2 protein chains.
Amino acid sequence: MIMSKTILLKNRPQGTPQNSNFEFIEEEKPSPKDGEVLLRTKYVSVDPYLRGRMRDEKSYIEPFEIGAPIASAIVAEVVESNNDRFEKGDFLTGSLEWKEYQTSTAENLRKVSSDENSLSANLGILGVTGLTAYFGLDRIGEPKEGETLLVSGAAGAVGSVVGQIGKIKGLKVIGIAGSDEKVELLKSKFGFDASINYNKTEDLAAAIKEHAPDGIDIYFDNVGSYTLDAAMKNINRLGRVINCGAISLYNETEKPTGPRLETTIVKQSVKMQGFIVSNYQEHFPEGVKQLSQWLNDGKLVKEETVVEGFDSIPQAFIDLFEGKNKGKMVVKIY
Amino acid sequence: MIMSKTILLKNRPQGTPQNSNFEFIEEEKPSPKDGEVLLRTKYVSVDPYLRGRMRDEKSYIEPFEIGAPIASAIVAEVVESNNDRFEKGDFLTGSLEWKEYQTSTAENLRKVSSDENSLSANLGILGVTGLTAYFGLDRIGEPKEGETLLVSGAAGAVGSVVGQIGKIKGLKVIGIAGSDEKVELLKSKFGFDASINYNKTEDLAAAIKEHAPDGIDIYFDNVGSYTLDAAMKNINRLGRVINCGAISLYNETEKPTGPRLETTIVKQSVKMQGFIVSNYQEHFPEGVKQLSQWLNDGKLVKEETVVEGFDSIPQAFIDLFEGKNKGKMVVKIY
């Protein structure tokens, strides 16, 4: 009998997630019913937004239930098929559960190239991550050549793509990250014009001003909190703030407070806009096409942190909040 | 010799403006040079945004200088003309100084109808106030029939027009104001569906929820601070917040703090956007035409609080922060 592991949400994290919030169970590998495929998980995406689904709170997506499997974006191989659309050996991607094996009708999954080198890109630069960078910057940021773009979480999955697209669009790009190694990477690998290590900066607003004496036109925010405050002190008239995430606040147990931003918003005619990538779902083909083209042309560089083994999934997720990833964090199962 | 009074900024207000921040001087009535008109001030607009210009701070408009005259929107009569474009008896409007008489090249002034009944409307519903309501709601709010609109400062100059335009556009309109009399006026005169007296409400967020159980799609914010927080607790997915003003913060001497809003902005895909009406300057003719038509058709009702006498200008301005006005506050000089 072949067994298959599943990872359940054991209890809701208080503050930073711990391994003890997750539970592993083993069940017999399932068999696909008529119309179903049996999938073997190949790559698992771990993402900061999953922290939000672990809270028992209304959001744009249902919270995970205690005792039920976690789900995220996954690339999986079809190992048996009772479904006309897919055959053994195909690779599919979409939202799936943290299981070694699972069955699916595959209704919301799409087939991807089985080229080993590009499989994980479907979870990153050609997947939700790349599309988040692309649509956030394009649709909310409305970038114009010659403008200045600031990106926080700049060495992360989304931020590293945002900065690269910014350069393609002719912007001056400044990144904020949390280590000397990352800050160097932003310039050497992703072509950022300047970068700031926030862990070595006493006055972040002043550091931004030093690199952007004429102010910031677009701020792509993955972090929130103090980083957002510092960006707002440098925002230009008619500036755009793309509120993509607020990782600095996801593990807060108290309601966080900070300076009120509404006077700056009024005085400077600033737009702050939050989004989730599925707001642009109908335009995904456009996004994937553009990102693939830039990737093939060598204008976009893929950066991944790959962790190995099904048992590593929870720790890989936890490590996101320590910034242990460079680029997209994925777990390779086999 | 005919004398003419001028009101100067004597010193910068600390907290709420006081009469002692202003100084009256008298000078001889000036004579117009070649190409100039001599203007006699008829109506003076007092507006919350002038408080910002009394600070020594960078903003979208230069601060007033200490010892120099205050300026605001004014309707004035041409009493002498050495300018080909205008003749004695014409009424002009635009940004002018708080003076009984002044000369001007009239370059940035425009002629308005001399009909006594509509003169003051050029400072209100057909002027900056009406245009602020119109463009803010239309361009940032992007209202769709059947949506729910919340307005703060709802009995004020801008708010009362916003709510009425909301009704014309087929929205459900809820207003927040500061007295029973105003709250009644919102429903009886301006056609709001519901209204809340914040001075009699312990939990503003709960009061909003009571009137808008399905949440708020558009929030037109004139107030900021706690009122904004309460609105954000009720904001729907893809909601729009129009940051028009933050009168509750204009007199603050400390940097105000409050709950961080970025997680709500991200989770609910909210757009918060500040503006000043001059962002839409090229479209003003469209706005004035539409507002005039609604006014003539009886779809918009004009509401003014008219204070009399040049010497009353500072007090009328100060009274804005106590909410003593209903609709547009103007000072009639003669």
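User: In this predicted model, which residue of β9(B) stands opposite B:Val151?
Analyst: Let's start with the pairing itself: β8(B) and β9(B) run in the parallel sense and share five bridges. Within that pairing, the residue of β9(B) across from B:Val151 is B:Gly175.

User: And on the β10(B) side, what does B:Gly175 stand opposite?
Analyst: Strand β9 of chain B, residues 172–177, also pairs with β10(B), again in the parallel sense, over four bridges. There, the residue of β10(B) opposite B:Gly175 is B:Ser195.

User: How many residues of β8(B) are buried?
Analyst: Side chains in a regular strand alternate between the two faces of the sheet, so check each face in turn. On one side B:Thr148, B:Leu150 and B:Ser152 are buried, and on the other so are B:Leu149 and B:Val151. Both faces are covered, and β8(B) is largely enclosed by the rest of the structure because the buried count is five of five.

User: What lies across β8(B), and at what angle does it run?
Analyst: The element in question also lies across β9 and β11 (216–221) of chain B. It's helix α3(B), and its angle to β8(B) is about 170°.

User: Zooming out, which are the edge strands of the open sheet?
Analyst: The sheet has twelve strands with mixed pairing. From one strand to the next the twist averages 15°. The strands that pair on one side only are β10 (194–197) of chain A and β10 (194–197) of chain B.

User: What angle does helix α6 of chain A make with β12(A)?
Analyst: Helix α6, residues 225–232 of chain A, packs on the sheet. The chain A strands it touches are β8 (148–152), β9 (172–177), β11 (216–221), β12 (235–243) and β14 (271–274). Its direction relative to that of β12(A) is about 155°.

User: Over in chain B, how many of the eight residues of α6 are buried?
Analyst: The buried ones are B:Ser225, B:Thr227, B:Leu228, B:Asp229, B:Ala230, B:Ala231 and B:Met232. Helix α6(B) is therefore largely enclosed by the rest of the structure, with a buried count of seven.

User: Are α2(B) and α3(B) parallel, perpendicular or oblique to each other?
Analyst: Two packed helices are described by the angle and the distance between their axes. For α2 (residues 128–140) and α3 (residues 157–168) of chain B, the axes are 8 Å apart and the angle is about 50°. That angle makes α2(B) and α3(B) oblique.

User: What's the handedness of that crossing, and how many charged residues are in the contact?
Analyst: The crossing of α2(B) and α3(B) is right-handed. From α2(B) come B:Thr129, B:Gly130, B:Thr132, B:Ala133, B:Tyr134 and B:Leu137, meeting B:Ala157, B:Val158, B:Val161, B:Val162, B:Ile165 and B:Gly166 of α3(B). By class, the contact has eight nonpolar residues, four polar and, for charged, no residues.

User: Is B:Ala106 buried or exposed?
Analyst: B:Ala106 sits in the loop between β6 (101–104) and β7 (110–112) of chain B. Its phi is positive, near 65°. Most residues other than glycine have a negative phi. At 0% relative accessibility, B:Ala106 is buried.

User: What is the relative accessible area of B:Leu238?
Analyst: B:Leu238 lies in strand β12 of chain B, and its phi is also positive, near 65°. B:Leu238 counts as partly exposed because its relative accessible area is 43%.

User: How far apart are the C-alpha atoms of A:Leu185 and A:Lys326?
Analyst: A:Leu185 is in helix α4 of chain A and is buried, at 14% relative accessible area. Setting aside residues up to four places away in sequence, A:Leu185 touches A:Phe190, A:Glu303 and A:Lys326. A:Leu185 and A:Lys326 are 141 residues apart along the chain, yet their C-alpha separation is 9.0 Å.

Notes
Residues numbered from 1 in each chain as written. Chains lettered and ligands numbered in written order. Predicted model: local features only at pLDDT ≥ 70, side-chain atom pairs only at ≥ 80, totals over all residues. Heavy atoms only, no water. Axes fitted to C-alpha atoms, helices over the stretch in contact; angles between N-to-C directions. Helix = DSSP H or I, 4+ residues; strand = E, 2+ residues; numbered from the N terminus. Parallel < 35°, antiparallel > 145°, perpendicular 65-115°, else oblique. Left-handed = near helix turned anticlockwise from the far one by under 90°. Contact = heavy atoms within 4.5 Å. Nonpolar A, V, L, I, M, F, W, Y, C, P; charged D, E, K, R; others polar. Pairing = 2+ DSSP bridges. Buried < 20%, exposed > 50% of the residue type's maximum accessible area, 1.4 Å probe, protein only.
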